[in-house]
Amino acid sequence: MVEATVEPLHNGHAKPAAPTVIRNLEPATGAPLPEVPVTSPEDVVAAVGRAREAQKGWAALGFAERRRRLLAFKDLLLERADEVADLVHRENGKPRFEATLHDIVPVAMLTTYYARKARGILRDRRIGAPLFPHKRFYVRYEPRGVIGVISPWNFPFSLPVGEIVTALAAGNGVVVKPSEFTPLTALKAKELLDAAGVPADLVAVVPGFGATGAALLAAGVDMVAFTGSVATGRKIAAACGERLIPCTLELGGKDPAVVLGDADLERAARTVVFGAFANSGQICASVERVYVDRRILDPFTRRVVELTRSLRQGDDSGGEVDVGAMTTPAQLEIVRRHVADAVAGGATVLAGGNARTEKGRFFEPTVLSGVDARMAVLHDETFGPVLPIVPFDDEDEAVRLANGTAYGLNAYVFSKDRRHAEEVANRLTAGTVMVNDVLFTHGVPEMPWGGVRDSGIGRTHGAQALREVCWMRHVATERVAWSAPWLYPYRRSVQQTLVRAVRAVLRLVA
Ligand code: NAD
């Protein structure tokens, strides 16, 4: 629950004022979480100003010293992993196991990767141009300055902190607007960064609602790294367009899994169940639809239902659980609505199907059959623990169905024949396609992550993301001194020779 304070007006009417404090309840227990003050727009501007000053010293430190401090942060994070996992669990509602697997471990790996590789990735890059042999060309990467990070609540640690370490490794400062549902986790990350020797003003966390995110965009940042919904992503892109600053947009998904007739059934079923229900399905890359070769539909469905029914759901304070809570009331409502809409349209609930809100906020892991393309559950992002199973008769149909939404984040293909799987993988419109696996590449630091179509613009992680938080200077210098014949005054003879010379040279290099 996020409450807004209400301010009385002189005329006796009440108008909702901008909230000045964030109040949330633990999704898995309903217990109140500590309140967090909302950052004012003036304080956001001040934070960006301080980060800009601190950035100059940070960039001047050089790669070796930045590497030392980033690795100190990684060590501290792993030392205090239980404390961080506990907070992520309390704020987001996911089991501590998932907080460790999805929030802490990937950040430790990404930090180490950038700490070790940033120098090499951002090294001056020579560019050959055989038609200009007398020249020497290279590009140099410079930190952009202050990166504004705006994050969602589903990975309250790994998403903002992944963007922070990327920005820092390249020599930038960062101001982060975490989700209003998970500000405490971002503040914990700030505490660890400070303790690891990252200059206090270099990274700021500015808790607040959407208005605080908008204030950050207006506060003079040099780039925005946004992760969140398509609707907000469009606003961010428009605001960045107004200011002519770049942005990366990591948005929603409706990721399909295609289980081919030659798949390893047991492996496919177990992997798809994990992909659908990890983080209660609140992952941009969750398996939100599974298309199954009709010849194996029955055994596949039976096994998926069996595995789904065996999942243990709840608050993990009292013991091990597999599936946690729904983080926000609004998200629970979307899931409820998608399932109700599917059932009203004739779908069958094979497992789960209900919200459980006696203590905390849960939705049972749910498997649906008998769904059809008119139902929201097959084309809108559900972002919850719901797995619709759809049969297909031939692979062209599977590819058409898988590609049939506005999204293009991830897709998954299951087959024992790797070449067959890759043939299908390369027909899918998605930023990442995994064969016989789900989700995991977000945790592989070297791999580019991002979508096509409504799933976003730009990539996070890997060499490309590091270069995206830099601006590029191209330097053209000379190998041999040679004064070009096309300088003033223009001469007809040069004009005539130009085309002849170009034709001859292009013949040589073609
Ligand atoms: P959201 O768009 O509601 O909010 C994201 C962030 O934007 C929050 O911090 C919010 O306060 C802020 N915000 C809202 N309005 C704003 C405005 N006008 N200006 C600036 N900032 C504003 O998304 P959410 O519900 O927090 O997150 C869920 C979504 O995130 C899902 O669609 C999910 O698929 C997506 N997501 C994508 C990825 C990815 O890598 N592609 C990863 C995780 C989540």
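Analyst: One term first: a salt bridge here is a side-chain nitrogen of Lys or Arg within 4 Å of a carboxyl oxygen of Asp or Glu. Keep in mind, too, that this is a predicted model.

Now to the two parts. Where they touch, domain 1 puts in 29 residues and domain 2 puts in 33 residues.

How much area is hidden there? About 2,400 Å² is buried between domain 1 and domain 2, with carbon and sulfur atoms giving 59% of that. On the domain 1 side, the residues losing the most area to domain 2 are Pro27, Trp153 and Gly252, which together make up 23% of what that side buries.

Back to that salt bridge. The rule finds one across the interface of domain 1 and domain 2. Arginine 96 pairs with aspartate 316 in a salt bridge, and their closest N and O atoms are 2.2 Å apart, so the pair falls within the 4 Å cut-off. Polar contacts between domain 1 and domain 2 come to eight residue pairs.

As for the pieces of domain 1 doing the touching, helix H2 (81-92) and helix H3 (96-121) are the elements that each give two or more residues to that side. H3 gives the most, with nine residues. Sorted by type, the domain 1 side that touches domain 2 has 16 nonpolar, eight polar and five charged residues.

Technical notes:
Residues are numbered from 1 along each chain as its sequence is written. This is a predicted model: local features need pLDDT of at least 70, side-chain atom pairs count only at pLDDT 80 or more; totals for chains, interfaces and linings use all residues. Side-chain values use heavy atoms; hydrogens and water are left out. Contact means heavy atoms within 4.5 Å. Buried area is the accessible area (1.4 Å probe) that two parts lose on being put together, summed over both. A polar contact is a pair of N or O atoms within 3.5 Å; within protein, one must be able to donate a hydrogen and the other to accept it, and residues adjacent in sequence count only if both atoms are side-chain atoms. Helices (H or I, at least four residues) and strands (E, at least two) are DSSP runs, numbered from the N terminus. Ala, Val, Leu, Ile, Met, Phe, Trp, Tyr, Cys and Pro count as nonpolar, Asp, Glu, Lys and Arg as charged, and the others, Gly among them, as polar.
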